[in-house]
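Thanks for coming, everyone. I'll keep this short. Have a look at the model while I talk.

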Amino acid sequence: MEASAKAFFEACETGKGWEGCKQYCTADAVFSAQSEPLAEIKTVQGYTDWMAGLANTTMPGCSYDLKHFSVDEASRSAVFFAVFIGTHTGPGPCEPTNKSTSSDYVYHLGFDETGKINSMTKIWNAPWAMKQLGWM
């Protein structure tokens, strides 16, 4: 579980999309976030593809600073706390602003009995990042 969680996180955060992440997930893995830009995304596939667009098109060269990672075998879950760092230089929700963000976020990953990710929750203060980027 630990190795899969780390590999999934790396693939997701570096813009590999569903193709780079699906080996670690169930086909119907669900996604949730109480965050405006992500509210309509309901699957891990949808989220990883959204991240691919962000990382490869809207903010090429973006990165993360992992602050914490833990696994709880008993609850079959993993938690990541990181800081997303990026500059809006490519096509996106508006013309490139060339402004940057440094935005905290947390992922909770749930695993099924076979060790595959079957759920993902993102905790993120989207308005903070969107204001830094000049999107609102």
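Predicted model: local features only at pLDDT ≥ 70, side-chain atom pairs only at ≥ 80, totals over all residues.

H3 gives the most, with four.

Stay with H3, which covers residues 44–58. Thr-58 lies in this helix. Is Thr-58 buried or exposed? It is buried, because its relative accessibility is 9% and the cut-off for buried is under 20%. Its side chain reaches the backbone oxygen of Pro-91 at 2.8 Å. Look at what else Thr-58 touches. Setting aside residues up to four places away in sequence, the list includes Thr-87, His-88, Thr-89, Gly-90, Pro-91, Gly-92 and Pro-93. Gly-53 and Trp-135 are also on that list.

Thr-48 counts as buried, because its relative accessibility is 0%. A polar atom of its side chain lies 3.1 Å from the backbone oxygen of Gln-45. Beyond four places in sequence, Thr-48 is in contact with Phe-8, Cys-12, Gly-17, Trp-18 and Cys-21.

Phe-8 takes us to the core. The largest nonpolar core has 36 residues. Which of them touch the most other members? Phe-8, Tyr-47, Tyr-107 and Leu-109 do. At least two core residues come from each of these: helix H1 (2–13), helix H2 (17–21), strand E1 (25–33), H3, E3, E4, strand E5 (117–124) and helix H4 (126–132).

Take Tyr-107 from that set. What does Tyr-107 contact, leaving aside neighbours within four places in sequence? Phe-9, Cys-12 and Glu-13 are among its partners. Tyr-47 and Met-51 are there too.

Next, Ala-33, in strand E1. Ala-33 is buried, with a relative accessible area of 15%. Which residues does Ala-33 touch, not counting those up to four places away in sequence? They are Leu-38, Ala-39 and Lys-122. Now pair Ala-33 with Met-120. They are 87 residues apart along the chain, and their C-alpha atoms are separated by 8.7 Å.

Last topic: backbone angles. Most residues other than glycine have a negative phi. Two residues here go the other way. Arg-76 has a positive phi of about 50 degrees, although it is not a glycine. Where is Arg-76 found? In the loop between strand E2 (63–72) and strand E3 (77–87). Arg-76 counts as partly exposed, because its relative accessibility is 39%.

The other is Asn-98, with a positive phi of about 60 degrees; it is not a glycine either. Asn-98 sits in the loop between E3 and strand E4 (100–111). Asn-98 is exposed, because its relative accessible area is 55% and the cut-off for exposed is over 50%.

That's my tour. Questions, please.

How values were computed. Residues numbered from 1 in each chain as written. Heavy atoms only, no water. Buried < 20%, exposed > 50% of the residue type's maximum accessible area, 1.4 Å probe, protein only. Polar contact = N/O pair within 3.5 Å; in protein donor to acceptor, adjacent residues only side chain to side chain. Contact = heavy atoms within 4.5 Å. Core = buried A, V, L, I, M, F, W, Y, C linked by side-chain atoms within 4.5 Å.
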